[in-house]
Amino acid sequence: MTLAEKVLSAHCDKKEVRPGEFINARVDLILANDITAPLAIKEFLRFGIHRVFNPAKVVMVPDHFCPNKDIPSAEQAKLMRGFAREQGLIYFEVGRMGIEHVLLPEQGLVLPGQVIVGADSHTCTYGALGAFATGMGSTDIAVAMAMGEIWMKVPPTIKFVYQGRLPEWIGGKDLILYTIGNIGVDGALYSAMEFTGEAIDELSMDGRFTMANMAIEAGAKAGIFHVDGKTKEYIKEHASSHQPYSILNQVQDQSDEDAEYTKIIEYDVSKFEPQVAFPHLPSNTKPISQVGDIKLDQVVIGSCTNGRLDDLRVAAKLLKGRQIHPELRCIIIPGSQRVYLEALREGLIEVFIEAGAAVSTPTCGPCLGGYMGVLAAGERCLSTTNRNFIGRMGSPESEVYLASPAVAAASAILGRIASPEEFLS
Amino acid sequence: MSLRAKQSNLKGKAIKLGNNISTDDIIPGRFAHLRSNLPELAKHILEDVAPSFCARVEPGDFLVAGRNFGLGSSREHAPLVIKMSGISAVLAKSVARIFFRNAINQGMPVLLCDTDKIADGDELEINLSDGLITNLTSRPLPNKVGSGEGLLSSGARLRSSKTPSFMLAILEEGGLIPYIRKHKDFIIRCSSEPY
C-alpha cells in the first residue's frame, strides 16, 4: 500500500484498503475557521446532539477575517468563539492564533499517521508531516464533530519524484508551481500526491508545508510526504501537551516497496528556475526568464502557503538594506504569533519595516480578498499565496501572480516581477 | 419538488458553462460579508463569469459545465447558492472533490458525463437511479459539417456516472444531516461499491 492507503486502513480497521473503495474513517483532528465554522455549527445543531464527540480533537481558529474586519465578521467570530468555549474545544484567540495551517503543526496538534479533516481546502498542508489530511465542507465537518468519523473514498496515489539538487533561490513553492503547471489544475483530481526524491529530502519542513498546501490546486485530495529525520525533528521540537510524541512510533511512515501508483512523474530540479503563475489559474506558470516586464502595484508575503519562518528569512535576505519600490505596497504577514515573535527576535521585522513594508498580525486577509490588501480594478499583485482566480484578491479586474517569497521580495524592490538572481552581484 | 421526485426523474433546461469554474467564480470572496444571508448571496452567483446566469435560471434547470467544476475553496456556500438559484443537478465532465462532497451533502445531485454532447438551452430529463440523461429538445439531425455535430439528437440518451446507492440515499433524504438524523448512522460501513 501507499502511505496514504496505510494511514486510511489504520483508521477503518481494515488490513488493506484499495483506491476507489468507500470507507468510514475515524478522524484524529477536526478543524474549522471563522468563515466555515458558523455553517458547521449550524448544521451540527440540527442533529439534536449536544456535545461534540471529543472536544480535545476539535480545533477552531479565527484567522480568515480576524481580527474582525467588519460587523458580520465579528458576529461570525463571536458565534464560533461561543461554541468553542461552551464545548471546551481547542481554540486560539486573536493574539495567540495564527493562520490555521501554520498554527496547528507548530502547536504539536498534527502527527504523522493521523487522519485530519478541516473545513478549509488547504487542510492538505498537514501531509507534510505524513498525515492524511483533507479539506471538506461545513456539513462534513459537522458530521465529523458529531460522529468522530467521516465517509471517504480511498484515493489513488500519484508519485512525484524530484531528482537533483535544488538551485539557490528554488524552494517548495517553485517545485509545486512547476508541478501544477505541468499536470494542470485537475492533474491530480481525487488523487493523493506523494512527494519524494532527493530534492524533497533536502527540502526544509517549511518548504514541504508549502508543497503539501498546494496539492489542492492540482485537484488532489491530499498531498503526503514520507516521514524522515526532518519530520521527526520537527515533531519533537513542536511536541505539546496536546498529544504525546510516542504516537509516532506506532505508525507506518513510508509507502511499501510494492505500492501501486496510478502514475509516477519524475522531474530534474537541478535546472529549475523560479516559477510564476499568471492570472487566472495556478497552472498558468512560466519560468522567471520568460515573464517579461510586468509592473506591480502590490506584493503580499504570507499566507498558509508561505507565511513561515523560512519564507520570511528568504524575504529578509533580499530586503535587508534595500527599499521597497516607491510605487508599490509590500504587505508582509507572519503566519502565526510564534513566527512573528521569532522573526522579531531574528531582526527580520526590523528589516521589513526599514525597507518600507507593512507588517501585520497573522490573518488570511488579502489572500481571499477579505481585507489587509484588497486590490482595485486594474491593479496587479504578486503574492506568495495559493490562488489567482478572477477576483480572488479584490476587483474582478485585478490580477494576481503567484510566486515564492524570494521572487516576491525581489519584485517588491524593483516594482516589477523580478528574479532574486538580479541581486546576485 | 418532493424528495421522491428527486429520486426519480428531473426535468429542466441546460445552462452551459466552461472548464475550471472555481468556487470564487461561483460566489466571489468579496461577497463573503453576505455569507449568513444566502438569498442575498445567491443574487451574485457566477456574476463575473456568466453574468446572465441569474436572469436565465429557472427552478429545475441543470448547470452543465466542462472539466473540474467547483475547484478551489471548501466553502459550502458554492453548492448552496447553486441549489438556492433553482438548479436541480450539476452535470460536468469532472468535478472538484470538495465541491462534489458538499453538493451531495446538501442534497444536490452531481452527474459526470460528456457534456460536449449537450447544447446550451437543451431540455433534458435525468433519471438519477440509472444515470441516464435524455434530450427532449427537437433538433435537426446532426450534419457532418454542421454545428450540431456530436450533440444528442432528440430523444437520444447519454449515460452518466452511476450515483452510488449510499449517495442516492443521502440525496433522497435531502442531504447528509437529514439522512443521519433519520438513520442515526452512516450508510456505508465499508462498502466496496465502485464509483
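The exercises below work through helix packing and sheet layout in a predicted model.

Local features need pLDDT of at least 70 and side-chain atom pairs pLDDT 80 or more, while totals for chains, interfaces and linings use all residues; side-chain values use heavy atoms, without hydrogens and water. Residues are numbered from 1 along each chain as its sequence is written, and chains are lettered from A and ligands numbered from 1 in the order in which they are written.

**Exercise 1.** Describe how helices H2 and H5 of chain A pack.

Solution.
- Step 1: Locate the elements. H2(A) covers residues 37-46 and H5(A) covers residues 138-147. Helices are DSSP runs of H or I with at least four residues, strands are E runs of at least two, and both are numbered from the N terminus.
- Step 2: Take the geometry. The two axes come within 8 Å and cross at roughly 55 degrees. Axes are lines fitted to C-alpha atoms, for helices over the stretch in contact, and angles run from 0 to 180 degrees between N-to-C directions.
- Step 3: Classify. H2(A) and H5(A) are therefore oblique to each other (under 35 degrees is roughly parallel, over 145 roughly antiparallel, 65 to 115 roughly perpendicular, the rest oblique).
- Step 4: List the contacts (heavy atoms within 4.5 Å). A:Leu39, A:Ala40, A:Glu43 and A:Phe44 of H2(A) meet residues of H5(A), including A:Ile141, A:Ala142 and A:Met145.

**Exercise 2.** Work out the four-stranded sheet of chain A and the helices across it.

Solution.
- Step 1: The sheet is open, with order S10-S9-S8-S11 and parallel pairing. Strands pair if DSSP finds at least two bridges between them.
- Step 2: S10 (222-225) and S11 (263-268) stand at the edges with a single partner strand each, so one side of each has no neighbour in the sheet.
- Step 3: Neighbouring strands are turned by 20 degrees against each other on average, direction ignored.
- Step 4: S8(A), residues 157-163, pairs with S11(A) over six bridges; A:Lys159 has A:Ile264 as its bridge partner in S11(A).
- Step 5: H6(A), residues 172-183, lies across S8, S9 and S11 at about 125 degrees to S11(A). H8(A), residues 205-213, lies across S8, S9 and S10 at about 155 degrees to S10(A).

**Exercise 3.** Give the strand order and a pairing for the seven-stranded sheet of chain B.

Solution.
- Step 1: The order of this open sheet is S4-S3-S2-S1-S5-S6-S7, with mixed pairing.
- Step 2: The twist averages 30 degrees from one strand to the next.
- Step 3: S2(B), residues 62-64, runs parallel to S3(B), residues 89-92, and three bridges join them. B:Phe62 has B:Ala89 as its bridge partner in S3(B).
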